Amino acid sequence: MHNFTPEDLLQYLYKETSPAQTAEIKAALENDWSLREKFEEITAAQNQLETLKMSPSQQTIDNILNYAEKAVSELSASV
């Protein structure tokens, strides 16, 4: 039996494994409760990541807009 790494499980989760690897991992998950437990942890983490809503702070947005405004002003002055 192959010892699968967390990276192998991640690739399997995101469907980045070859058909042969997919079959091996699928069989291992059916027979190895420890591996299945690790896979369930990775799947739970993926689900939590998908539910996160991330956005920049207002200060970050203001800094970007100020930088852009300054850059436009400098370009306009040099033309």
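The axes of helix H1 (residues 6–13) and helix H3 (33–51) come within 10 Å and cross at roughly 60°, with helices taken as DSSP runs (H or I) of at least four residues, numbered from the N terminus. The axes are lines fitted to C-alpha atoms over the stretch in contact, and angles run from 0 to 180 degrees between N-to-C directions. H1 and H3 are therefore oblique to each other, a class left after roughly parallel (under 35 degrees), roughly antiparallel (over 145) and roughly perpendicular (65 to 115). The model is predicted, so that local features need pLDDT of at least 70 and side-chain atom pairs pLDDT 80 or more, whereas totals for chains, interfaces and linings use all residues. Residues are numbered from 1 along each chain, and side-chain values use heavy atoms, without hydrogens and water.

In the loop between H1 and helix H2 (19–31) lies Lys 15. Phi of Lys 15 is near 55°, a positive value in a residue other than glycine; most residues other than glycine have a negative phi. Lys 15 is exposed, with a relative accessible area of 73%, where exposed means over 50%, buried under 20% and partly exposed in between (1.4 Å probe, protein chains only).

Met 54 is found in the loop between H3 and helix H4 (58–78) and is likewise exposed, at a relative accessible area of 75%. Ile 61, located in H4, is partly exposed, with a relative accessible area of 33%. The C-alpha atoms of Ile 61 and Ser 73, 12 residues apart along the chain, are separated by 18 Å.

Key
Helices (H or I, at least four residues) and strands (E, at least two) are DSSP runs, numbered from the N terminus.
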